[in-house]
Amino acid sequence: MFQTFSGSSRRPRQVNLSGRSSNPFASPGSGAGSQAALDRAQQERLQRQRERDKLKAAKTLQRTWRGHACRKTIRAGLRRDWDSTEKNQSSPNTFLPYGSESESLTQLQRLLRFAQVRSDEDLGRIQHYGYRQIHTVKNEVIVFSGGAWPLAYLRLQRIVLSIIEQKAKVQGAHWDSCSSFMTILHFLAEQIPAETAQNSKQFYRTLAMVTQNTFSTREDSNGATGPIATESEPRTIIMETVMSPLRRLTGYTLNAYESFGCTYMTIPILSRERRDSLGPTDAMLDFLADSVNYKLLASAMATLLKTWGFEAYPEMADTQNRVRLLGCFIYFHRFAHNFHSPQAYSSHKDFVSVVSALLNSLPNNLIDGQTRDPDQPEEISSSLGDANLVNSFLQEQIMSLVNQESVGSLLSNSSSSASGASTEDDKLEEARQLANYALALLRFFPRRGDEVRMWLYLGPTTSSSESSARSLPAIRYFWQATRRSSIFNIITRDSRAAIELLKPKTATIENRWQAPSSDQQSTSIIEDEWRVILVFLELYTFVLKVMDDEEFFSGGSNDFTGRLAAGSTMTRDNALPLGEVTELTTFLKNFGFTLYFNASDIATSEERDSSISGISYFGFSNNSRQNSERLQQEPKTTEPSIGGVAGLSIDYVKGLVTGLLRMVYERDSRRKFLPTSHWLMTSRFDMGGFIPSVVQEEESRHRIEEEDAEDADNDAEEEDIESTPQLIGTSRAQQARRLERLQRQQRKASRRRYLQAVAPRLEILQNMPFFIPFTTRVQIFREFVALDMTKRRGSSDPEMWRMRMMHRPDAPQQFEKHHAKIRREHEFDDAFEQFYPLGQGLKEPIQITFVDQFGTVEAGIDGGGVTKEFLTTVTNQAFNPSDEIDLFVDNDQHLLYPNPSVVEEQKEILKQAGIPENSAEFRSQVTTLLQRYEFLGRIIGKCLYEGILVDVNFAPFFLRKWALTGGTGSAPKESGYRPTLNDLRDLDEGLYQGLHQLKNYPGDVEDFSLNFTVTDTVFTDPQTGVAKTVEKELKPNGSNIPVTNQNRLVYISYMARHRLQNQPYLQTTAFLRGLSTMIQPSWLSMFNHSELQTLVSGTSSSIDIQDLRRNTLYGGVYAIGDDGLEHPTIQIFWRVMEKLSDGERRAVLKFVTSTPRAPLLGFGTLSPRFSIRDAGSNQERLPSTSTCVNLLKLPMYTDEDVLKEKLLYSVFSGAGFDLS
């Protein structure tokens, strides 16, 4: 019984309206209820829609078929009418002229209504009408012009073009298949040149196909071309047809030239290899060059470059086609001037615009074989250029751009040399175009960059510039344009504004170059302004290399609107006034700072993504099969771009700006013309936490270098594996190794980009250190050294390292390696023999025992070893002249640099001793000599590492190599050093004066009979004094190249490079290799040459006695007691020191510390500290020292005069360590 609250036992009725079964165990059926109703309604609606669609499709089919049937019927009727008319008027094999204009027009209009290109009968009818019309016009029966004729002819022409294009696409098509229609096309083009020009894209695309198909399979053909021209060659008809729209000047002639250039000039047959005998294709190119108006062609192409018109020409997306267009375009201009006088067209505005645009769209290494970018993996760089794109003909045309007359005359037609006045906007636009061309040449021909810069610098030759008015020099011209540019003014005011201006617009390799669009006009102006600035920086850098200080500081004294004062030189003409140099340095400071400090903000999103994701840049996955397939494809890469200027990497701009800024800074260092605060950029840093931030960045850099070293070791191992013969079936393993190598290269590039992003302060310090105060940089240097000591030793305290070594099982061997017995008078030889095998181990504390000439061990105070005494004596002996070969020689200012002829001299001595040149002993002797240089570099590095000052003064050009070899890596080579004429002055004053006179010689320098060779003295016999010399070429075939007024700057540059870089290369490289073993080259790059000299030997400022007194320690009787008073003898000593001259103070300082200069950061940083202790009360005893611990042993003198006399006597008598 069912119980309820109502008291009724009847079960209530349950109604389910959801359509769902209430029984969870019931099987799902078709369903009922509201959901089922909705499903049924939806299905019914879809069914009705399908029925409606089917009915609509049926109606469309019926309507289409009815229209087709109707048109077919109408065409059939029109064909019958057309055929009946033609049958009544002419016989089958003859083509009688039409009787009237209306009859011909009616037949043409009927033909246009029914003609179909896929109908062979209609093709016959078109051919029949074409020949009848040709005869009609030829016999001058009726004049066909105006009215409906142009439009009718145009419609017929389009049909004929479609027919020819269809036939040309057939594989193996012969000229006979389209010759008759080519005749008709030629006739139509002659009748309606304006309309043909309007339809020029289809017109020249079809002619390009016909030309390529006809002449790619045969060199000469006389095939039949129909009843009209059965004896004509295909070349004649094709060439006449090509020229038809170009001969008559109409409103659309420039359109025809655009299509002709972009479509027809890009076909391979025109730019094929030239043969000794003139073939049909060669004759075609000469015919076009002779017939085409090259000025109109240049104007049309230049106009097209300023719009988005290139988008309508898909041919221009192919790099190969752009190369062909460039080659033919240059050939047309050369042909017009009989391949002479390139200055006649090279300075033409349109020619410059077209050539520069096409050059900028091509890969850099297309012809000149530019080396690959080290930031990119090898696989990527190899895809950026393909030498197979250029044959000998194209190479000849493109190489003709690098010509003295054409480059030198680039500014001859500029507004600066024109008599008429030009507006500022016109001058700026002109400068942009010329800069675009000049930068394209520098970018495209990097190996001939110095020649291009020199020709721009020299200007037009005498034969090409015979005018009374003198044009503005290239440096001044581009400098004025640079100052007027918006970029220069914006960055000069605010360095942060350079970020947005520098952000690149990348393009993929597949679509490397695109024409500008309408919304890119402002961007295009910015790009052109960047080109103006970069060209000026290139030229000014080149000029500063050959400009001496006198010319630099005399800039701005000449007026270029008239004749110059007598005696002024071309180099002086190009010097900028010092006020304008100040403006330039402000711009370069802000520009360079942003390049390094905000490198991560400037980088493209693609570069940032790749630097974060590592190998995701190539799209590798974890699937080995997908990876192996993707390796077969060319990776999608980006063209380097800065500020929208394609082909320019940020590293190129960094190098250009950094190099120029350093050169100006060096001028200011030698002769101040700018305030010291001008160079500082401390306002952009938080100087309170600057040093800790830099140290942290250095740790990141060190970690990345360790990872790079691991990858380099893996690459070396794989090279060994790949050099061995591979077994069959190991291709999968080879692909895996290639994939791993590619991933490692990408990781390396990503790490370098990451380092630029996380270490901006370190980048500034290494490349533009003068932005930071010198004392701050010295503190950072010492922090770097302390960090390295901690990593190697566990502590900067030498005793802690010794304690750690004592707990190692090989402790005796370790201490033995770091201990040496040094004989007096043989310090350098003994040190080289015992410490050279240590390598980097020389960084650890060393133990020195001095032995006198009798073999007795010298006694001395050992505060952890006599390292300081050892290092100072080794350097003194190594750098002083000796009876043997001198490793270092000095200049007129007694500044040291590596002996440039030491290697050749050593070889000559070995030859005279009878040792064969190719013997092992000969090579061993030469290697040992270079190892001595390397060891000497380690010794100087050890002094820097330990903070020990040595009294050695190096030549500025040699010190400059220390600072410029670090860069962003650690390669101890001279790759970063660029010799200049001013550096040559530090080497050889006589050679400098001679080259300076040669540079400024007003006459013909060929009178001196110089060539590109140099005579080196390799050996001088000490007994007879006879010198042996050898002649070397400064450039290939230099003995046959005379020095002229045009190339004398290159001669001077090569001479400086030989004397400063090439001749001492082995010695300098060995020394720098040893120096880099102890000190990271990137640490040295924080200083200029004068600052490095200060690091080595201390500051040259006057001795601060009060600072020395505050930081002096006292021992023995002189120790200060609880009363805080100094001993009377100490008080006398300081009174004497205050009264001494600065020279005498330096002598005392050298007597105690072995160096006459004070430490960089004051005497508080001297290690060990300056100390004084008593040496008895004997008034006759002389003071003595222990220089190893900077200790002065001073007797307790009671008289001031006695103390002064005894002190100076000891100082100048040379007494020292041996009296201690």
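This is a predicted model: local features need pLDDT of at least 70, side-chain atom pairs count only at pLDDT 80 or more; totals for chains, interfaces and linings use all residues.
Colleague: Which residue is the bridge partner of Ser1186 in β12?

Modeller: Leu1191 in β12 is the bridge partner of Ser1186.

Colleague: What is the strand order of the open sheet?

Modeller: Four strands follow the order β9-β10-β12-β11, and their pairing is mixed. β9 (1113–1115) and β11 stand at the edges with a single partner strand each, so one side of each has no neighbour in the sheet. From one strand to the next, the twist averages 25 degrees.

Colleague: Which helix lies across β11 and β12?

Modeller: Helix α50, residues 1142–1153, lies across both and runs at about 55 degrees to β11.

Colleague: Now the backbone angles. What is the phi of Glu825?

Modeller: Glu825 is not a glycine, yet its phi is positive, at about 75 degrees. Its place is the loop between β3 (819–823) and α37 (827–835).

Colleague: Is Glu825 buried or exposed?

Modeller: The cut-off for exposed is over 50% relative accessible area. Glu825 has 66% relative accessibility and therefore counts as exposed.

Colleague: Where does Ser1009 lie?

Modeller: Ser1009 lies in the loop between α43 (989–1000) and β7 (1013–1020). Its phi is near 55 degrees, a positive value in a residue other than glycine.

Colleague: Why does Ser1009 count as exposed?

Modeller: Because its relative accessibility is 64%, and exposed means over 50%.

Terms used:
Residues are numbered from 1 along each chain as its sequence is written. Side-chain values use heavy atoms; hydrogens and water are left out. Helices (H or I, at least four residues) and strands (E, at least two) are DSSP runs, numbered from the N terminus. Buried means under 20% relative accessible area, exposed over 50%, partly exposed in between (1.4 Å probe, protein chains only). Two strands pair if DSSP finds at least two bridges between them. Axes are lines fitted to C-alpha atoms, for helices over the stretch in contact, and angles run from 0 to 180 degrees between N-to-C directions. Contact means heavy atoms within 4.5 Å.
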